[in-house]
Amino acid sequence: GRDYSNVTATNDSNDSDRLLGGLLATGFDEASCLSRYQSPLYRKPSPYKPSPYLLSKLRSYETLHKRCGPGTEPYKKALTQLDQEHIDNNGECKYVVWVSFSGLGNRILSLASVFLYALLTDRVLLVDRGKDMEDLFCEPFPDMSWLLPLDFPLTSQFDGLNQDSPRCYGHMLKNQVVGNDKTLSHLYLHLVHDYGDHDKMFFCQGDQTFIGKVPWLVVKTDNYFVPSLWLIPGFDEELEKLFPQKETVFHHLGRYLFHPTNQVWGLVTRYYEAYLSNADEKIGIQVRVFDVGAGPFQHVMDQISSCTRKEKLLPDVDTVIERSRRVTTPKKHKAVLVTSLNSGYSENLKSMYWEYPTLTGEIIGVHQPSQEGYQQTEKKMHNGKALAEMYLLSMTDSLVTSAWSTFGYVAQGLGGLKPWILYKPENRTAPDPACGRAMSMEPCFHAPPFYDCKAKTGVDTGKLVPHVRHCEDMSWGLKLV
Ligand code: GDP
């Protein structure tokens, strides 16, 4: 096993690894957020290095955040603009407020998207803490909080914001109340999956010019909208410079932003050391079933076996036990980490590998940290466990995920893993093939716009450039490859 005890000692030669190739800033209090510096000890070093340009962009963002963050003079000045309908002169700092909304996987992906948007538009990101953001994540920026102050004047409106809100950009466009002469003090951007054609104009260059002047943006979204940012002419060059390896956007931004709090990190590390650290190989299987009904379902079980067997992730068993007794030394130990709301899938695998020997002689241990039964988005430890499980999955060597699940996208992105995706079953039948390898480790944007802003017509946005394609698990989705 590895020695995890000495991780806070500073060792200059290892600094680049500890700081994820320079991704993380120095100068944090290590004890307040152990995961920030300990996570590299639990993962293989990432083969993907952040570009020097991304690193310098992050450092200058940190400076901006510190200069404009909550409590600073520019922040106070900007707040006074909120009292006005229109602003008379430009303030020093502009902001984008991320509203806490939807399941944890969705929130992580949408927050990373809004952060990238903040980087591209020189805005300061402020995070609505919702029910549990503070309990789940450490502060990512040095010396200044990313949390929206509790007395922020618009907070009480967040829950009610929707497509028809008077300050919703799409609503204003639809009702032709967007004038070019005066600059509004704030706008609401509705980028939730149910958004309409007018809301989708957010992804047009011309609209960005207008939106860019507004000092306060409030965004509600449950989507990873990064792929469509690459199709905006004003952003694409900067994105190419930031991410020369295009499929690394979430991998780097996710590792930069999302550090589990010490409480969640305890869940991760205790589990890892008890069940995973001694295995020769670790396989993650993330089972998310969107069918109605309790489960476990036989067709999902069949799909898991068929995928893991065909892709040689797990060995077959020898059901003729007496004949198969032979001495094989030394034995390879594989640990299978199953995450699911339901305990049935892992129980099934576990019994199979207990009752029968494997044909390869490998020893298979099957482990499932939690079985919460159903989604309980508002319960505190529920999401702590969900985050811990996404993290644990990201520490495996090979990963199997479920189609359509943002929970799986987070795990694959943080881990730098190209997963095998269990395709979505139709009519309670396992698809054939059961799974396929992802083209890239990037998350899928589930609700992209299909609009050519210049030609003002519909267009297949998955066919415009080679690096933005339709997803493996959702034909209309878009992902970076
Ligand atoms: P998605 O619905 O699969 O895209 O993922 P989300 O994370 O956005 O929402 C699903 C929510 O259900 C999670 O936030 C968890 O609260 C819960 N959930 C789903 N699958 C699991 C699981 O395997 N383990 C745990 N602990 N929670 C899960």
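**Cavities and aromatic contacts**

Ser305, Thr308, Arg309, Leu314, Pro315, Asp316, Val317, Leu349, Met352 and Tyr353 line the second largest cavity. Helix H13 (298-310) and helix H14 (344-355) are the elements that each give two or more residues to this lining. The model is predicted: local features need pLDDT of at least 70, side-chain atom pairs count only at pLDDT 80 or more, and totals for chains, interfaces and linings use all residues. Residues are numbered from 1 along each chain as its sequence is written, and side-chain values use heavy atoms, with hydrogens and water left out.

**Cavities**

- A cavity is a set of points, on a 1 Å grid over the protein atoms alone, where a 1.4 Å probe fits but cannot get out; lining residues have an atom within 4 Å of a point.
- Five cavities of 30 Å³ or more are counted.
- The lining of the second largest cavity has six nonpolar, two polar and two charged residues. Nonpolar covers Ala, Val, Leu, Ile, Met, Phe, Trp, Tyr, Cys and Pro; charged covers Asp, Glu, Lys and Arg; the others, Gly among them, are polar.
- The largest cavity has a volume of about 140 Å³.
- Its lining comprises 13 residues, with Arg288, Val289, Phe290, Lys424 and Pro425 nearest the centre.
- Eight nonpolar, two polar and three charged residues make up the lining of the largest cavity.

**Aromatic pairs**

- The model has 26 aromatic pairs. Rings of Phe, Tyr and Trp (its six-membered ring) pair if their centres lie within 6.5 Å; planes under 30 degrees apart are stacked, over 60 edge-to-face, the rest tilted.
- Tyr42 and Tyr272 pair edge-to-face, at 5.1 Å centre to centre and 80 degrees between the planes.
- This pair links distant parts of the chain: Tyr42 lies in helix H2 (residues 34-42) and Tyr272 in helix H12 (residues 262-276), 230 residues apart. Helices are DSSP runs (H or I, at least four residues), numbered from the N terminus.
- Both Tyr42 and Tyr272 are buried, meaning under 20% relative accessible area; exposed is over 50%, partly exposed in between (1.4 Å probe, protein chains only).
- Tyr271 and Tyr275 have ring centres 4.5 Å apart and planes at 45 degrees, so they form a tilted pair.
- Tyr271 is buried at 13% relative accessibility, whereas Tyr275 is partly exposed at 40%.
- One aromatic cluster consists of Tyr117, Phe202, Phe203, Phe225, Phe235 and Phe445.

**Charges over rings**

- The charged end of Arg36 sits over the Phe28 ring, 3.5 Å from its centre. The rule: NZ of Lys or CZ of Arg within 6 Å of the ring centre and within 35 degrees of the ring normal.
- Lys424 has its charged end over the ring of Trp404, 4.3 Å from the ring centre.

Terms used: 1 Å grid on protein atoms, 1.4 Å probe; cavity = no way out; pocket = protein on both sides within 12 Å on 5 of 7 lines; lining within 4 Å. Points joined across faces, edges and corners; volume = space filled by probe spheres on them.
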